[in-house]
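Me: Got a model I'd like to talk through with you. Can you take my questions as they come?
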Amino acid sequence: MRFLGVIAVVAALAAPITSGPSVGCPGQQVPPPPPAPTEVVGPAPEPLPWPAEPVGGPQLGGCGEIGTDGAPQVGAASWVVADLDSGAVLAARAPHARHRPASTLKVLTALVALRNLDPDAVVGATTEDMQIEGSKAGIGAGGRYTVRQLLAGLLLNSGNDTAQALSRALGGDPVMLARMTAVAREVGALDTLPATPSGLDGPGIASSAYDLAVLFRVAMRNPLFAGTLTTPSVPFPGYGDRPGFALSNTSRLLARYPGSLGEKTGFTDAARHTLVGAAQHGGRRLVVALMRGEQHPEPMWRQAAALLDWGFAQPMDRTPVGTLVDRAPVVAPTATSDAPPPAVAASEPAPPSTQPELPLLPIGIAVVVGATVAVVAVGRRSRS
């Protein structure tokens, strides 16, 4: 199957640093059913094993509500609210439960692009970009876009088309997915298994509310990422006979919540609604992440706002229930531990010759080479 080579690579890379007993919550190791049709095109990859200890602290291994005294009731299956700067987790519900991230996964896509591509490098769009299913920023065949503009389309309009263009600029989906997996593992987001650069559903795709908060916190340290999230609109190039236009920020949290620092939302039929964002009040910054939610009885942005309001009302010296990490836990090697991946020297697929040469960093994962023949071409379902 077309997906299987890529998924095998990603699943292999995403294994935790150590092999330990399964200590996680029953029924939360993989996203709940029903899966999207694109998730059942072949044998499912092995689920990510639970780390030997809960990432972020022992209390975060809880399967239900943690430290939620007085917190508002929201409908999302999993959520986390934490201090964006210190990483102190104020409260959570099933923080490490694995769910489909939908387009909140684009935070990780953006982080990889920011680390590996020159923001001013130019990428040419293709007909395939226009044909991708789901939300689009509006790039088109013949159009030429800077990486900076593609990131704006990715974050402001949740463009699946711009995710695909960024992936191609990096060398294709196998390279992008391998790097997304490597970055997630590096920063301690050990519940995250990407299957598509856009967050469209694919075999094994998973993340957690904890991981979304971790990834957003790391990404917010990049000025281009943080600045893009709060930009009301940006000029965007046209293509062919289509003139340029203004790309508008669709964030409801940014528009309606005082002090908002921006958000990334997502939706697919299988994932339901997801959201990760941040806000600032009185010199304090909080991050909130929600997964597998619904837009009723309150829309997702209002649910996020309620959690933020509660978080800002908590005393600064409130005892945290855990911590958002920014690197994988260091564990002493064992005989069964994964060996460090060997380096790859000039073996990654090069960008198509029709595009300018873009800087590619070594990914240090040799198995990607064998997976490049399995480029993802999938029927997909997504909204944002």
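Predicted model: local features only at pLDDT ≥ 70, side-chain atom pairs only at ≥ 80, totals over all residues.
Me: Leaving aside neighbours within four places in sequence, which residues is Phe225 in contact with?
Reply: Phe225 is in contact with Val107, Ala110, Leu114, Leu155, Phe216, Ala219 and Met220. Contact here is heavy atoms within 4.5 Å. Residues are numbered from 1 along each chain as its sequence is written, and side-chain values use heavy atoms, with hydrogens and water left out.

Me: How many residues are in the largest nonpolar core?
Reply: The largest core has 72 residues, and those with the most contacts inside it are Leu166, Phe216 and Phe225. A nonpolar core is a set of buried Ala, Val, Leu, Ile, Met, Phe, Trp, Tyr and Cys residues joined through side-chain atoms within 4.5 Å. Buried is under 20% relative accessible area, exposed is over 50%, and partly exposed is in between (1.4 Å probe, protein chains only).

Me: Which helix gives the most to this core?
Reply: Helix H7, residues 209–219, with nine residues. Helices (H or I, at least four residues) and strands (E, at least two) are DSSP runs, numbered from the N terminus. There's also a second, separate core of 22 residues, which includes Tyr257, Met300, Trp301 and Ala305.

Me: How many of the residues in H4 are buried?
Reply: Eight of the ten in H4, which runs 147–156. They are Val147, Leu150, Leu151, Ala152, Gly153, Leu154, Leu155 and Leu156. Just after H4, Ser158 takes a positive phi of about 50°.

Me: Switching to charges. How many salt bridges does the structure hold?
Reply: It holds 13, taking a salt bridge as a side-chain nitrogen of Lys or Arg within 4 Å of a carboxyl oxygen of Asp or Glu. One of them pairs Glu39 with Arg100 at 2.8 Å, N to O. Glu39 is in the loop between H1 and S1 and Arg100 in the loop between S3 and H2, 61 residues apart.

Me: Are Glu39 and Arg100 buried or exposed?
Reply: Both are buried. Compare Arg285 and Asp85, whose side chains meet at 2.6 Å. That pair links S10 to the loop between S2 and S3, 200 residues apart. Arg285 counts as partly exposed because its relative accessibility is 23%, and Asp85 does too, at 43%.

Me: And what distance is there for Glu298 and Arg302?
Reply: That salt bridge is 3.8 Å, N to O. Glu298 is partly exposed at 40%, and Arg302 is partly exposed at 43%. Elsewhere, salt bridges that share partners join Arg221, Asp326 and Arg327 into one network.

Me: OK, holes. How many cavities of 30 Å³ or more are there?
Reply: Three. A cavity is a set of points on a 1 Å grid over the protein atoms alone where a 1.4 Å probe fits but cannot get out, and lining residues have an atom within 4 Å of a point. The points are joined across faces, edges and corners, and a volume is the space filled by probe spheres set on them.

Me: Last one: why does Gly27 count as exposed?
Reply: Because its relative accessibility is 73%. Gly27 lies in the loop between H1 and S1, and its C-alpha is 9.7 Å from that of Cys63, 36 residues apart along the chain.

Definitions and conventions
1 Å grid on protein atoms, 1.4 Å probe; cavity = no way out; pocket = protein on both sides within 12 Å on 5 of 7 lines; lining within 4 Å.
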